[in-house]
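Visitor: Hi, I've got a new model open and would like to talk it through. Could you bring it up?

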Amino acid sequence: MPATTTSPSAWWAQRPPAAGAAVMATGILSVGLHLSGHEVLSRILLVLACLGWLGLAADFVLRLLRERGRWLEEAGSPAALTAVAATTVLGTRFSVLGWQSLAYALLALATVLWPVLMVDVVGRWKQRMPGAVFLGCVATQGLAVLGSTLAGEEEVAWLARAAMVLFWLGLVVYGFALARFDLRQVARGAGDQWIAGGALAISALAGSKLIAADSPQLYLWNQDDYDVLRSVTLTLLLLDVACYVVLLAAEAGWPRPGYDVRRWSTVFPMGMTAAAMLSVSTALDVPWLKGPGQVLLWIAVAAWLAVAALAVAAARAELRGGRAPRHPAEGVRSRARR
């Protein structure tokens, strides 16, 4: 019997919302490489992230128009918030490049998507959730990062203050998500358990961006505000590093070989931790953090290359074998039943 094949368009149409984490991972590595001075590599990854974002955005719209039932089901999954997070990561990179109009457009798009998806996603939260539950915090802090970055670049005080509100709201969302996170995912998760640390990392990045946005012209924060923001940012970074160590040890203790689309949700927190460390080093004038940040950045790059290679191999097998990809939600449901 001849082997069946799947067309590239049909294969792409089966991408689950969790695939948005690939754009998040690629985008934040572009940010991190820029912060460490590797501009050529940073821009190459930015192009790849943009191509991924455009493909997923087109699929997002087509599902909304043609498969409304499927769109509504997927919009309520925690992974749907990768749409917001990925958009804010790209917007942040474009703002640093000086493309402020495009960054504002992406901020506006993310701001529109955020409440629509958040209400649906949070409304479906249950007990013993996978690591994707922390995407509520990641999406909220993504808005804070992009807003504070634009505020600093453009000297817009109200945008920085709005970003500050989102920063504190993101921490509240993290607390609620933590209460619903299934701690067994640390040993059993397929990759998205790392978002527990990634949410702390993007929160620390947001804190550093809020501090960096201040200037004598804006005078956003008084000394008390600055001291609190600095202490909270450093605490978040410390908690993130501790979480990174625990999750890395769990990977060694309970190996999970093979490819799963949720492995991009492992790469993203790794890259975000590196970017947060590099940003905090500059914004809070802690120069000794730069060295560890660069080491973690290259570890994240290595992880990106490994996951990308596995993803390409899995895609080739699916295209040649005519197999539909395994939807991440299936694994979550099966573990919940057990």
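Guide: Here you go, and keep in mind that this is a predicted model. Let's start inside: helix 2 (20–35), helix 5 (82–97), helix 7 (135–154) and helix 10 (195–213) each supply at least two residues of the lining of the largest cavity.

Visitor: Which helix gives the most to that lining?

Guide: Helix 5, with 3 residues. The lining includes Thr88, Val89 and Thr92, along with Ile28, Val31 and Met272.

Visitor: What volume does the largest cavity have?

Guide: About 60 Å³. The count of cavities of 30 Å³ or more comes to 1.

Visitor: OK, salt bridges. How many are there?

Guide: The count is 7. In one of them, Arg93 pairs with Glu39, and their closest N and O atoms are 2.7 Å apart. Arg93 sits in helix 5 and Glu39 in helix 3, so this bridge ties together parts 54 residues apart in sequence.

Visitor: Is Arg93 buried or exposed?

Guide: Arg93 counts as buried because its relative accessibility is 1%, under the 20% cut-off. Glu39 has 23%, so Glu39 counts as partly exposed.

Visitor: What about Glu251, which partners does it have?

Guide: Glu251 forms a salt bridge with Arg256, at 3.9 Å between the closest N and O atoms. Glu251 also meets Arg263 in a salt bridge, at 2.9 Å from N to O. Arg263 lies in the loop between helix 11 (223–253) and helix 12 (264–283), while Glu251 is in helix 11, so that pair links parts 12 residues apart in sequence. Arg263 is buried, with a relative accessible area of 12%.

Visitor: Which residues do shared partners join into one network?

Guide: Glu39, Arg43 and Arg93 are joined that way by salt bridges.

Visitor: Switching to the surface, which residues form the nonpolar patch?

Guide: Val40, Leu41, Ile44, Val47, Leu48, Leu51 and Trp298, with about 670 Å² of accessible area together. Helix 3 (residues 39–66) provides the largest share, 6 residues. Leu51 is in helix 3, and at 56% relative accessibility Leu51 counts as exposed.

Visitor: And helix 4, which of its residues are buried?

Guide: In helix 4 (residues 68–75) those are Arg70, Trp71, Glu74 and Ala75. They lie on the same side of helix 4 because they cover an arc of only 130° around the axis. Gly69 and Glu73 are exposed on the other side.

Visitor: Why would spaced-out residues point the same way?

Guide: An α-helix has 3.6 residues a turn, so residues three or four places apart point the same way.

Definitions and conventions: Residues numbered from 1 in each chain as written. Predicted model: local features only at pLDDT ≥ 70, side-chain atom pairs only at ≥ 80, totals over all residues. Heavy atoms only, no water. Buried < 20%, exposed > 50% of the residue type's maximum accessible area, 1.4 Å probe, protein only. Helix = DSSP H or I, 4+ residues; strand = E, 2+ residues; numbered from the N terminus. Arc of directions from axis to C-beta. Patch = residues over 30% accessible without salt bridge, like charges linked within 9 Å, V, L, I, M, F, W, Y side chains within 5 Å. Areas by Shrake-Rupley, 256 points an atom, 1.4 Å probe, with all protein chains shown as cover. Salt bridge = Lys/Arg side-chain N within 4 Å of Asp/Glu carboxyl O. 1 Å grid on protein atoms, 1.4 Å probe; cavity = no way out; pocket = protein on both sides within 12 Å on 5 of 7 lines; lining within 4 Å. Points joined across faces, edges and corners; volume = space filled by probe spheres on them.
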